[in-house]
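I opened my notebook to look this structure up piece by piece. My entries follow in the order I made them.

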Amino acid sequence: MKKLKWVLIIINLKTLVVTILAVTSTYLCQRFNIIAEFPMTLIATAVVFPIVFSISGAYKRREYALAKYSAMKANGRAIYFAARDWIK
């Protein structure tokens, strides 16, 4: 159920509408032989910037998770050593 919630966060009504519009516009352009010339810099910019931001966001989330994991591991070891070396 939790995985389904994660999928529904990504795939929602906006996603479906944009997908349907993209498929429909592609079909209509092929059907009526509509061709557009776009500069390569526009395409490269439209592709590169979202990828860079996605990689940056993933890196920040990874660093945050590693910081939390290291704190949890350090606290666990401190409890272990405190319990092991406790004076009777």
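Predicted model: local features only at pLDDT ≥ 70, side-chain atom pairs only at ≥ 80, totals over all residues.

**The last salt bridge**

I began with D85, which counts as partly exposed because its relative accessible area is 49%. The cut-offs matter here: exposed means over 50%, and buried means under 20%.

I looked up the partner of D85. D85 forms a salt bridge with R84, and their closest N and O atoms are 3.1 Å apart. R84 is also partly exposed, with a relative accessible area of 49%. Side chains of opposite charge can pair when their charged atoms come close.

How many salt bridges does the structure hold? I found two. R62 and E63 also meet through their side chains in a salt bridge, at 3.7 Å from N to O. E63 has 34% relative accessibility, so I noted E63 as partly exposed.

**The whole chain**

Next I stepped back to the overall layout. I listed three helices and zero strands. Along the sequence the pattern reads α-α-α.

Then I checked the dimensions. The C-alpha trace spans about 85 × 35 × 15 Å along its principal axes. The radius of gyration of the chain is 25 Å, whereas a compact globule of 88 residues would have one near 12 Å.

What share of the 88 residues is buried? My note says 0%. The chain exposes about 8900 Å², and carbon and sulfur atoms supply 73% of that area.

I turned to L4, which sits in helix 1, residues 2-10. L4 is partly exposed, because its relative accessibility is 47%. I also looked up the separation of L4 and L21. They are 17 residues apart along the chain, and their C-alpha atoms are separated by 25 Å.

I followed helix 2 over residues 13-31, which makes 19 residues. From its first C-alpha to its last, helix 2 reaches 27 Å. That is close to the 27 Å expected at 1.5 Å a residue.

Which residue makes a side-chain contact at the start of helix 2? I found N12 there, with a side-chain oxygen that reaches to within 3.2 Å of the backbone nitrogen of K14.

After helix 2 comes N33, and I wrote down its positive phi. The value is near 55°, in a residue other than glycine. Most residues other than glycine have a negative phi. I placed N33 in the loop between helix 2 and helix 3. N33 has a relative accessible area of 60%, so I marked N33 as exposed.

**The nonpolar patch**

I stayed in that loop for one more residue. F38 is found between helix 2 and helix 3, and helix 3 covers 40-84. Is F38 buried or exposed? F38 counts as exposed, because its relative accessibility is 54%.

I then looked up what F38 belongs to. F38 is one of the residues that make a nonpolar surface patch of about 1100 Å². I listed others in the patch, including M40, L42, I43, V47 and V48. Further along I noted F49, I51, V52, F53 and I55 as members too.

**Last entry**

I close with what I would look at again. One item is the radius of gyration of 25 Å, and another is the 0% of buried residues. I would also go back to the patch that includes F38.

Note on methods:
Residues numbered from 1 in each chain as written. Heavy atoms only, no water. Helix = DSSP H or I, 4+ residues; strand = E, 2+ residues; numbered from the N terminus. Expected span 1.5 Å × (residues − 1). Polar contact = N/O pair within 3.5 Å; in protein donor to acceptor, adjacent residues only side chain to side chain. Rg over C-alpha atoms; globule rule 2.2 N^0.38 Å. Buried < 20%, exposed > 50% of the residue type's maximum accessible area, 1.4 Å probe, protein only. Areas by Shrake-Rupley, 256 points an atom, 1.4 Å probe, with all protein chains shown as cover. Patch = residues over 30% accessible without salt bridge, like charges linked within 9 Å, V, L, I, M, F, W, Y side chains within 5 Å. Salt bridge = Lys/Arg side-chain N within 4 Å of Asp/Glu carboxyl O.
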